[in-house]
Amino acid sequence: MDFSKIGGLLAQVAPTIATAVGGPVAGMAIKALSSALLGKETGSQSEIETAMMNATPEQLAMVKKVDNELAIKMKELDINLEQ
């Protein structure tokens, strides 16, 4: 998925997810983002972008939370997103 419309915002709020979206664990990152914003793992790109652009402070806090959880999971799995 190409999240260029929300790339800057995503990078500020959820840097781990923003990095992961372009890599081999993109599916995991997109599911986490969709779940945080939409309450379901299967949100479309359009749904996710719209939700992110119109996110409430509570939703942004949830996105940050799942970003932190994803970062911990990546570390546990010994996945370095920077490589």
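Predicted model: local features only at pLDDT ≥ 70, side-chain atom pairs only at ≥ 80, totals over all residues.
Local features were considered only at pLDDT of at least 70 and side-chain atom pairs only at pLDDT 80 or more, whereas totals for chains, interfaces and linings use all residues. Residues are numbered from 1 along each chain as its sequence is written, and side-chain values rest on heavy atoms, with hydrogens and water left out.

Helices are DSSP runs (H or I, at least four residues) numbered from the N terminus. Leaving aside neighbours within four places in sequence, Leu-33 is in contact (heavy atoms within 4.5 Å) with Leu-10, Ile-17, Ile-48, Met-52 and Val-63. Leu-10, which lies in helix H1, is buried, with a relative accessible area of 3%; here buried means under 20%, exposed over 50%, and partly exposed in between, using a 1.4 Å probe and protein chains only.

In helix H4 (residues 45–53), Ile-48, Glu-49, Ala-51 and Met-52 are buried. These residues cover an arc of only 165° around the axis, which puts them on the same side of H4, the arc being that of the directions from the helix axis to the C-beta atoms. The cover over the buried residues of H4 includes helix H1 (7–13), helix H3 (26–38) and H5.

Two salt bridges were counted, each defined as a side-chain nitrogen of Lys or Arg within 4 Å of a carboxyl oxygen of Asp or Glu. Lys-40 pairs in this way with Glu-47, the closest N and O atoms being 3.3 Å apart. For Glu-69 and Lys-65 the corresponding separation is 3.8 Å, and both residues lie in helix H5, four residues apart, about one turn of the helix.

On the surface, Met-28, Leu-77 and Ile-79 form a nonpolar patch with about 220 Å² of accessible area together. Such patches are made of residues with over 30% relative accessible area and no salt bridge, like charges being joined within 9 Å and nonpolar side chains (Val, Leu, Ile, Met, Phe, Trp, Tyr) within 5 Å; accessible areas come from the Shrake-Rupley method with a 1.4 Å probe, and for residues only the protein chains shown count as cover. Ile-79 lies in the segment after helix H5 (57–76) and is partly exposed, with a relative accessible area of 32%.

Note on methods:
Helix = DSSP H or I, 4+ residues; strand = E, 2+ residues; numbered from the N terminus.
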